[in-house]
Amino acid sequence: MNKNDWIPVKERLPDTELSNETSLRKEYKSQNVLIQTKRDEIFSSYYIRTTYKNNKYKEEIEWYAHGTGGRRMSVMSKVVAWMPLPELYTGE
């Protein structure tokens, strides 16, 4: 698979690391990646996966993008694919 190929969310999600743990739940956060939504929007985004220790609640996955001033904004449309971020431009 080429580094610049889109990866369907149905196939797999980006890797995560444990970012927060309480007595009731664990939160795992991904690195920033490029995402494409069902409405063909493209964002630099990350997701948080929440699992509950008592199995009373279903696992949750929420995608977030950075808005004005770095504020966290929920991605409202369904995420269908992702790819790693390209390397940053360093000038000529």
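The structure holds 4 salt bridges, a salt bridge being a side-chain nitrogen of Lys or Arg within 4 Å of a carboxyl oxygen of Asp or Glu. Keep in mind that this is a predicted model: local features need pLDDT of at least 70, side-chain atom pairs count only at pLDDT 80 or more, and totals for chains, interfaces and linings use all residues. Residues are numbered from 1 along each chain as its sequence is written, and side-chain values use heavy atoms, with hydrogens and water left out.

**Salt bridges**

- Glu27 pairs up with Arg25 in a salt bridge, with the closest N and O atoms 3.4 Å apart.
- Glu27 is buried at 16% relative accessible area, while Arg25 is partly exposed at 31% (buried is under 20%, exposed over 50%, partly exposed in between, using a 1.4 Å probe and protein chains only).
- Glu41 and Arg39 make another salt bridge, closest N and O atoms 3.5 Å apart; Glu41 is partly exposed at 25% and Arg39 is exposed at 55%.
- For Glu59 and Arg49, the closest N and O atoms are 3.3 Å apart.
- Glu59 sits in the loop between S5 and S6 and Arg49 in strand S5, so this pair ties together parts 10 residues apart in sequence.

**Strand S4**

- S4 runs antiparallel to S5 (residues 42–52), joined by 4 bridges; strands count as paired if DSSP finds at least two bridges between them.
- Val33 has Ser45 as its bridge partner in S5.
- The S4 and S5 hairpin has 4 residues between the strands, and Asp40 in the turn shows a positive phi of about 65°.
- S4 also pairs with S8 (residues 79–84) in the antiparallel sense, over 5 bridges, with Val79 as the bridge partner of Thr37.

**Rings**

- There are 3 aromatic pairs, meaning rings of Phe, Tyr and Trp (its six-membered ring) with centres within 6.5 Å; planes under 30 degrees apart are stacked, over 60 edge-to-face, and the rest tilted.
- Tyr47 and Trp63 have ring centres 4.9 Å apart and planes at 50°, so the pair is tilted.
- Both Tyr47 and Trp63 are buried.
- The charged end of Arg72 sits over the ring of Tyr64, 4.1 Å from its centre (NZ of Lys or CZ of Arg within 6 Å of the ring centre and within 35 degrees of the ring normal).

Definitions and conventions:
Helix = DSSP H or I, 4+ residues; strand = E, 2+ residues; numbered from the N terminus.
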